[in-house]
Amino acid sequence: MSGTDPYRHRIRLPAGAEPTVAVGDEVQPGDPVASSTRPGTSVSVPLARPLHRGRDEVVDLLVVAPGGRVRVDQPIARTPDRDVRSPVDGIMLAYDPSKGDAIVLGLEPSDPILSDVRGIVMEVNRGAVTIAVPAVMLAGVAGSGAAVHGPLTIAVTNAEAPLEPAMIDADAAGRIMVGGSWASAEVITRARAVGVAGIIVGGLHARELAEFTGLQHRRSLLGTAA
C-alpha cells in the first residue's frame, strides 16, 4: 500500500452487529468482519423473589440498564450476597415492578457479515468497518445491487460491441464480466442464472431494463426470483 493513498472502503453494519476485526487486521474477500444477530423470544426473569427483596426495591439493584446488552450468565441484578443472571444472550428490555421480573429479549446468531474487498482494517466502530484497499476507484454513472468481488474477465475487447449472451457460460460463475457498449435483459438474466458476480458495461437500454425489472417482479410474486 505504498505510493498513493489507498481507497477507503466502508462496510456498513446493521444495528446490533458486533465487529469481529480490529484495526490493523488484514482481510480478504469473504472474511468475516462482524457478526449480526436476529431477535428471538423474550424471556421473563424473576428478580424480586430470588433476591429476597420487594418489587420496588429491585429497581435500585439492577446492574444492567434497560436497553443494555447482556450475555448468558451475566448478572442482571444483585445484592451483597445474591445475584440473578441472564439465561440468554440478549437485550434487557425492561423491569416490570408489578411482577418483579426483568424482560430480556433473546438474540440468535445469524449469518456473518463478510468483507467484499482485500485490504487492511483502518477503523472499527458499531456502525461500520473501514478497510484501506490497494485499488483505484473508477467512477460510474449508475449501479445496482450489493457490493461484490471476483476476478475480472474482459469479455468484450471492442468498446462499441455489446456483451452477448453466448459470452456468459459456466466458466463465468463468480466472475465480474467486463463488457462493451451495453448488455441486454437476456444477458443479465443469463448471468444471474449462471452465478456471475457482476457485470460492467457502458449502459443498458431503457426498454431492456424495464423488461428485466418486470421479469424479476413476476418471479418474486411467484417465489422463484434468483
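Just after helix H2, Gly195 takes a positive phi of about 105°. Keep in mind that this is a predicted model: local features need pLDDT of at least 70, side-chain atom pairs count only at pLDDT 80 or more, and totals for chains, interfaces and linings use all residues. Residues are numbered from 1 along each chain as its sequence is written, and side-chain values use heavy atoms, without hydrogens or water.

Back to H2. It spans residues 185–194. Helices here are DSSP runs of H or I with at least four residues, strands are runs of E with at least two, and both are numbered from the N terminus. Which residues of H2 are buried? Ala185, Val187, Ile188, Thr189 and Ala191. Buried means under 20% relative accessible area, with a 1.4 Å probe and protein chains only.

Next, the parallel sheet. E12, E13 and E14 form an open sheet in that order, with parallel pairing. Two strands pair if DSSP finds at least two bridges between them. E12 and E14 are the edge strands, each pairing on one side only. From one strand to the next, the twist averages 25°. That angle is taken between N-to-C directions, on a scale from 0 to 180 degrees, with axes fitted to C-alpha atoms. Between E13 and E14 there are three bridges. Val178 has Ile200 in E14 as its bridge partner.

A pocket is an open set of points on a 1 Å grid over the protein atoms alone, with protein on both sides within 12 Å along at least five of seven lines; lining residues have an atom within 4 Å of a point. Of 44 lining residues, Gly143, Ser144, Val148, Ile199 and Ile200 are the closest to the centre. Which elements supply at least two lining residues each? Strands E1, E12, E13 and E14 do, along with helices H2 and H3. By class, the lining has 30 nonpolar, 11 polar and three charged residues. Asp, Glu, Lys and Arg count as charged; Ala, Val, Leu, Ile, Met, Phe, Trp, Tyr, Cys and Pro as nonpolar; the others, Gly among them, as polar.

Last, the antiparallel strands. E8 covers residues 90–96 and pairs with E5, residues 69–70, over two bridges. Val70 stands opposite Gly90. E8 also pairs with E9, residues 101–114, over six bridges. Asp96 has Asp101 as its partner. E8 and E9 make a hairpin with four residues between them. In that turn, Gly100 has a positive phi of about 75°.

Methods
Buried < 20%, exposed > 50% of the residue type's maximum accessible area, 1.4 Å probe, protein only. 1 Å grid on protein atoms, 1.4 Å probe; cavity = no way out; pocket = protein on both sides within 12 Å on 5 of 7 lines; lining within 4 Å.
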